[in-house]
Amino acid sequence: LSGATSDVVEAMKGARTSIYMTMYELDDSNVISTLIARKGSGVDVKVLLDGSSSTRSNNSAAYSQLQGGSVPVESTTPEDSGGYIGLTHQKTFIVDGSAAWIMSMNLETTSPKDDREYLAVDTAPADVAEATAIFQADYAKTRIVPSGDLVVSPSKPTSGAGSGNSEAALAALIGEATSTLDIEVEEMSGSNAVISAIVAAANRGVTVHVVVANGEADAPT
C-alpha cells in the first residue's frame, strides 16, 4: 500500500460504528475489501459513487463488488435531486461520526502513486456533523442547504434548496490576503468571482503564485 492509501485503510479498519463514503472514482481493491470487511463486522457502511457518464464505467466494478459484499451503495447522476448537482466530485469518508476525511484524492490505484493530492482530517464536531448531514441527504438523493463552516459546492443560486457557498466563500477568503496567496489546482475556469478576487489581490500588492496542472491556466495571470 502507498502511504496515503495505507492511512485511509487503517482509519477504516479502526471504525467501530460507521463509515460513510462519497467517492468520485473508486477501484482500489484494499479499500473495497476493507469496506466489505467492516460491514461484515457490524459497522454501518454506506457508499455513494458518482454515476455520471464520465465515471460510470470506472466505478462499475467497485459498485458490483460492494453490492456483492452486502455494502449499501448508491450511484448518482446529474438528474438526481432535480439536477442541482452536476458531478458527485467529492472524495470524502466519515468514520464513527467523529472524523471526516476530506480529500482531493480519489480512492483508485493510480492516484496515491502518481498524482499530487491532499488529504485532510477534520475532527471539529460541527464540521463532522455537517458533513454527515450532507452525506445522508446526497445518499437519499434529496436537497440540502449547507449552513455551517464547511465550504460546499455547487454554488448555484436556488430558491433556498440545494445551494452551496463555495464561490462566495473562496472569493471572500482570497479577499483577506494581505501579503501572499499560493494556489495549486487541477483546473481553473468558470468562476468569475474567484478569478476576479485573485486578480484583485495581485493588483493590491499581494504576491500571488498559481500552479495549474499541465501549466494550462485558464485564469488571468
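Me: Which residue's side chain does Lys 141 meet in a salt bridge?
Reply: Glu 74, at 3.5 Å from N to O. A salt bridge here is a side-chain nitrogen of Lys or Arg within 4 Å of a carboxyl oxygen of Asp or Glu.

Me: And where in the chain do Lys 141 and Glu 74 sit?
Reply: The pair links distant parts of the chain, 67 residues apart. Lys 141 is in the loop between α5 (125-139) and α6 (166-175), while Glu 74 is in strand β3 (residues 73-76). Helices (H or I, at least four residues) and strands (E, at least two) are DSSP runs, numbered from the N terminus.

Me: Good to know! What kind of model is this?
Reply: It is a predicted model, where local features need pLDDT of at least 70 and side-chain atom pairs count only at pLDDT 80 or more, while totals for chains, interfaces and linings use all residues. Residues are numbered from 1 along each chain as its sequence is written, and side-chain values use heavy atoms, leaving out hydrogens and water.

Me: How many salt bridges does the structure hold?
Reply: It holds 3. One of them joins Lys 46 and Asp 44, at 3.0 Å from N to O. Asp 44 is partly exposed, at 25%.

Me: What about Glu 10, which residue does its side chain meet?
Reply: Lys 13, in a salt bridge of 3.9 Å, N to O. Both lie in helix α1 (residues 3-13), 3 residues apart, about one turn of the helix.

Definitions and conventions:
Buried means under 20% relative accessible area, exposed over 50%, partly exposed in between (1.4 Å probe, protein chains only).
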